[in-house]
Amino acid sequence: MAEVTMKVNGKAVTKSVKGNTLMTDFLRDELRLTGTHVGCDTSQCGACNIHVNGSLVKACTMFAAEAEGAEVSTIEGQSAADGTLNVIQQAFQDHHGLQCGFCTPGMVMAAASLLKENPKPSEAEVRDYLEGNICRCTGYHNIVKAILAASGQDVSAIAAE
Ligand code: FES
Ligand code: FES
């Protein structure tokens, strides 16, 4: 066991962890931040996406100990303290960008990262960026539409599905 200290959603956290504790298990089991989902064991689905020092990371691909000193953001840190959704979350709600919702935290975290790098992406760029995110409900159409809307682009010509 080793002590690890990091900031998670702005709060300093210090815990003892095993060297092989995955970040997903640390967030879910130690911090009870269960919005970070685990949808595969092959690093493919993106349901576990978080931000580490501002970069998009699949939390199942890192050990908690590797986050020593890092600034970590999870889906729980995306809305305001009073629960007000951020612009991406609101766009997912407005454009029905989810069905069962299992992939949604990872999609929102990926979208936030994309819009930081590319504030007005094309539809093709959004689809390309989401390559590492799998939606089992196959709801990609409305997810892409929601992200375009969150970027402030007019999506009125894109049909609802
Ligand atoms: S749980 Fe991390 S990519 Fe699927
Ligand atoms: S909304 Fe069900 S997995 Fe994407």
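Predicted model: local features only at pLDDT ≥ 70, side-chain atom pairs only at ≥ 80, totals over all residues.
Which residues have the most contacts inside the largest nonpolar core? The legends below begin with that core.

View 1. Residues are numbered from 1 along each chain as its sequence is written, and chains are lettered from A and ligands numbered from 1 in the order in which they are written. The residues with the most contacts inside the largest nonpolar core, which has 45 residues, are Val108, Ala110, Ala111 and Ile147. A nonpolar core is a set of buried Ala, Val, Leu, Ile, Met, Phe, Trp, Tyr and Cys residues joined through C-beta atoms within 7 Å; a residue is buried if 20 or more other C-beta atoms lie within 10 Å of its own, exposed if 12 or fewer, and partly exposed in between, with C-beta atoms placed from the backbone. Two or more residues of this core are given by each of β1 (2–8), α1, β4, α2, α3, α4 and α5, where helices (H or I, at least four residues) and strands (E, at least two) are DSSP runs numbered from the N terminus. Because domain 1 (2–77) and domain 2 (87–150) both give residues to this core, it lies between them.

View 2. The protein is divided into domain 1 (2–77) and domain 2 (87–150), with bounds that come from an automatic or database domain assignment. The C-alpha centres of domain 1 and domain 2 lie 21 Å apart. Across the boundary, 14 residues of domain 1 are in contact with 11 residues of domain 2; two residues are in contact if their C-beta atoms, placed from the backbone, lie within 7 Å. Strand β3 (residues 49–52) supplies three residues, the largest share of the side of domain 1 that touches domain 2. By class, that side of domain 1 has six nonpolar, eight polar and no charged residues, with Ala, Val, Leu, Ile, Met, Phe, Trp, Tyr, Cys and Pro counted as nonpolar, Asp, Glu, Lys and Arg as charged, and the others, Gly among them, as polar.

**View 3. Helix α5 and its surroundings.** Helix α5 (residues 140–150) is largely enclosed by the rest of the structure, because nine of its 11 residues are buried. Among the buried residues of α5 are Asn142, Lys145 and Ile147, and the buried residues of this helix pack against α2 (87–94), α3 (104–117) and α4 (123–129). Ile147 touches Ala111 and Val126, not counting residues up to four places away in sequence. Just after α5, Gly152 takes a positive phi of about 90 degrees.

**View 4. The open sheet of five strands.** The strands of this open sheet follow the order β2-β1-β5-β3-β4, and their pairing is mixed; two strands pair if DSSP finds at least two bridges between them. Each of the edge strands, β2 (11–17) and β4 (55–58), has a single partner strand, so one side of each is left without a neighbour in the sheet. From one strand to the next, the twist averages 40 degrees. β3 and strand β5 (residues 71–73) pair in the antiparallel sense over two bridges, and Val52 stands opposite Val72 in β5. Helix α3 packs on the sheet, touching β3 and β4, and its direction makes about 40 degrees with that of β3; axes are lines fitted to C-alpha atoms, for helices over the stretch in contact, and angles run from 0 to 180 degrees between N-to-C directions.

**View 5. Strand β1 and its two partners.** β1 and β2 pair in the antiparallel sense over seven bridges, and Lys7 stands opposite Ala12 in β2. The hairpin of β1 and β2 has two residues between the strands, and in this hairpin Asn9 takes a positive phi near 50 degrees. β1 and β5, by contrast, run parallel and are joined by two bridges, with Val8 standing opposite Val72 in β5.

View 6. Asn53 lies in the loop between β3 and β4 and has a phi near 50 degrees, a positive value in a residue other than glycine. With 12 other C-beta atoms within 10 Å, Asn53 is exposed. His96, in the loop between α2 and α3, has a positive phi of about 55 degrees although it is not a glycine. His96 counts as partly exposed, with 15 C-beta neighbours inside 10 Å.
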